[in-house]
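Please keep the sequence and the model open while reading.

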Amino acid sequence: MTRIVILGGGPGGYESALVAASLGATVTVIDSDGIGGACVLTDCVPSKTLIATSETMTNLALAPGLGIRPHGLGSGTAPALPAVAWGMRSSLDEGVPPLTPPEVVSVDPEQVYERVRELAKAQSLDIEHRLEREKVEVVHASGRLVGPHTIEANTGETFVGDVILIATGASPRDLPTARPDGERILTWRHLYDLKEIPEHLVVVGSGVTGAEFASAYRAMGAEVTLVSSRERVLPGEDPDAARVIEDVFVRRGIEVLNRSRAASVRRIGDGVIVELSDGRTVTGSHALMAVGSVPRTKGLGLTDVGVRLGAGGHVNVDRMSRTSVPGVYAAGDCTGVLPLASVAAMQGRIAMWHALGEAVSPLRLGTVSSNIFTEPEIATVGVTQVMKDTGAIAAEVTTVPLSRNPRAKMMGIEDGFVKMFCRPGSGSVLGGVIVAPRASELILSVSLAVEHGLTVDQIAHTFSIYPSLSGSITEAARVLRPRDFFAGFDDRV
């Protein structure tokens, strides 16, 4: 019987453990943070739970545009919402400063943060119980490699495996001039220990994490300043999508400081001051450092046993999750492949399928879908606008604005679009971008098309509900539908 020892209990670790156990291996997971890892306990699950609260606040703020004027909620009488919905485009609010979130309801910070923490703990326990049901041994300890097939825990125990998997994840990056203190200068792991919604949150970093929390905290009533060293928010994303999000941010009252690099962050009494490299300063009640992550690979004995690391400390792996040492695999954020829980889980599964002799295909990053949980969301898969514009991929592209979608009009949605890429001639779907509420749900149909090589012609002849936001996906396919396919197609009864 093959013995598998896994260091780290996040998505890369626990998903690989479940696969290995299902294939008859004896499996041990050594984890020091709690099963589920940072993804479940301090990152993905808690952040999206917090964002669920912010989404509700956004929906309430947009309610007046749908004719809703709640005057009483709970006890007492609440003031009416503004006549023009918060941040919506309208000729009525031209020249009027951005509206603030409504005061019909307020956020209870202690209850919100408690719910976030409790849900994360419950999810962690659910996963651990699943591992126990599958006869996976869980050891709550830290560990390091003392040989290519041996891990020593800080309890003094040693665990020998035929196969070793490293899945230790990553931690928030610290800057020497902006050391987090957990009270006023924060990383995203500190947010859920707060007792209040920050009065004025200065977010340093305009990547995915910075944009998500800027969007969420503004919706919950905080004043927000977003400090970005680049020319626009979300510099690594589809430029059209990023422009939509930045426009929404500005209309909703977020102060966006582009081309502004933070030189230092320090406390001043009950607040913070962020010093920019050009000499300007920004003051706030709290600062959130969203400046990336570093792999958790130090002190694990990896290089001592011959595991090669990249310049940034990431574990070098191939598309089968193999490291430079036979029998040692790695998965997740510690590899630097793509910092997504779904990718970590797939890397772990691939590692186990390969190690245990199952038929398996290498990891294909071109079919990975991802989502940014701003309001609206941005979901992407496959070929990007940059790849097309630089000539790296030959593709045709079309963009369908949501503003002309009937369901979007009914829901008061004015921001967003569906963009689709296809191969010239054959019409094979190469990728897509969706900017919309719940884009994370809508992208699945495009992901299926990319994964299975479907054509825009096939999507165009697929029924979509009328009215529905997904109707814009089939509309985009009809726009891209190759003329020769269209001319020769006989509709089937």
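The notes below go from conventions to the helix pair and then to the annotated positions.

The model is predicted: local features need pLDDT of at least 70, side-chain atom pairs count only at pLDDT 80 or more, and totals for chains, interfaces and linings use all residues. Residues are numbered from 1 along each chain as its sequence is written, and side-chain values use heavy atoms, with hydrogens and water left out.

**Helix pair**
- Helix H3 (residues 44–62) and helix H5 (residues 208–219) have axes that come within 8 Å and cross at roughly 45 degrees; helices are DSSP runs of H or I with at least four residues, strands are E runs of at least two, and both are numbered from the N terminus.
- Axes are lines fitted to C-alpha atoms, for helices over the stretch in contact, and angles run from 0 to 180 degrees between N-to-C directions.
- On the H3 side, the contact (heavy atoms within 4.5 Å) includes Lys48, Leu50 and Ile51, and on the H5 side Glu212 and Phe213 are among the residues involved.

**Annotated positions**
- The UniProt annotation "binding site", from an unreviewed entry, covers Lys48, Gly143 and Asp333; such annotations may be inferred rather than shown by experiment.
- These positions span 286 residues in sequence, and the farthest two C-alpha atoms are 29.8 Å apart, so they do not all gather at one spot.

**Lys48**
- Lys48 lies in helix H3 and is partly exposed, with a relative accessible area of 22%.
- Beyond neighbours within four places in sequence, Lys48 is in contact with Glu212 and Phe373.

**Gly143**
- Gly143 belongs to strand E4 (residues 143–147) and counts as buried at 14% relative accessibility.
- Buried means under 20% relative accessible area, exposed over 50%, and partly exposed in between (1.4 Å probe, protein chains only).
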